[in-house]
Amino acid sequence: MLGQGLKGGAESEGRDYHSGMKPFAAELVDWTRTDHVLLDMDGTVLDLAFDTHFWRDVVPLHYAQAQGIALEEARLRLEPYFTGLQGRLEWYCLDHWSRLTGLNLAQLKAAARERIAVLPGSEAFLDAVRASGRSLWLVTNAHRDSWQLKMAQTGLAGHFDRILCAHDFGMPKEDPRFWPALRAQHGFEPQRALFADDSLPVLRAARDYGFGAVVAIRHPDSSQPKRVIEEFSAVDRLEQLLPIA
Ligand SMILES: [Mg+2]
């Protein structure tokens with residue numbers, strides 16, 4: 001039930017962190033064995049509600065206007081693209097979507113920037129990781145235009161030692177070749193690293209690569225209900241991994 005997410009945290013085996021009854025989930029991570037924290041951006045540090053709104057409302061609306069079709073028709077036409085590209089780098093590529101739709105998506109995203117938001121407790125977690133002296137990297141599948149806009153809007157860039165973008169490695173985090181490629185350029189010890197993300201395929205790839213701790217985010221989108229996650233150790237939000245020992 002607890003899943004295989006936490007290697008090196010045997011003391012937490014068999015305890016139910018999914019019930020939501022415990023005030024802290026700090027025991028999910030053995031901080032004495034963690035030197036390095038790697039975090040996803042959308043749905044982990046930032047509220048995925050922005051992306052949900054953008055792709056579900058903004059893009060279909062502008063596509064409908066540009067094509068002179070009804071909103072529902074626009075959604076129907078876009079749907080196969082969404083499902084067909086999931087898990088591939090193109091899915092995260094604004095240029096690709098701009099070509100596909102004929103819309104300037106970077107511009108549309110910038111126009112909607114007011115809705116970009118940090119998940120509650122993220123900043124407290126980032127501050128605590130930095131204060132503990134551990135290195136902190138943001139590792140995102142998001143397109144450069146997207147993550148730069150979001151960092152500018154939230155002012156969070158300065159919290160990270162590095163911001164690494166999957167597009168610079170030519171493959172998304174879901175790809176088993178991703179972590180070896182990243183590590184070849186940016187050395188770190190996976191057994192002594194914690195990785196948190198809201199995407200199960202991404203978490204599986206990280207687990208398979210041998211991260212010391214892999215943690216799923218249960219409530220990545222404030223506009224949607226919390227999810228039930230059984231495959232990985234999970235917290236509603238990053239803040240629940242505090243305090244850092
Ligand atoms: Mg994410």
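This passage describes helix 1 and its packing in the structure above. The model is predicted, so that local features were required to have a pLDDT of at least 70 and side-chain atom pairs a pLDDT of 80 or more, whereas totals for chains, interfaces and linings use all residues. Residues are numbered from 1 along each chain as its sequence is written.

Helix 1 comprises residues 49-67, helices being DSSP runs of H or I with at least four residues, numbered from the N terminus. At 1.5 Å a residue (taken times one less than the number of residues), its 19 residues should span 27 Å, which agrees with the 26 Å between the end C-alpha atoms. Just after helix 1, Gly-68 takes a positive phi of about 70°.

The axes of helix 1 and helix 2 (residues 71-85) come within 8 Å and cross at roughly 110°, with axes being lines fitted to C-alpha atoms over the stretch in contact and angles running from 0 to 180 degrees between N-to-C directions. The two helices are therefore roughly perpendicular to each other (65 to 115 degrees). The contact (C-beta atoms, placed from the backbone, within 7 Å) is made by Val-59, Pro-60, Leu-61, Tyr-63, Ala-64 and Gln-67 of helix 1 and by Leu-71, Glu-73, Ala-74, Arg-75 and Leu-78 of helix 2.

The buried residues of helix 1 (20 or more other C-beta atoms within 10 Å of their own, placed from the backbone) are Phe-50, Asp-51, Val-59, Pro-60 and Tyr-63, and these residues pack against helix 2 and helix 3 (94-101). Asp-57, also placed in helix 1, lies 9.1 Å from Leu-71, C-alpha to C-alpha, at a separation of 14 residues in sequence.

Definitions and conventions:
Parallel < 35°, antiparallel > 145°, perpendicular 65-115°, else oblique. Contact = placed C-beta atoms within 7 Å. Buried ≥ 20, exposed ≤ 12 C-beta atoms within 10 Å, placed from the backbone.
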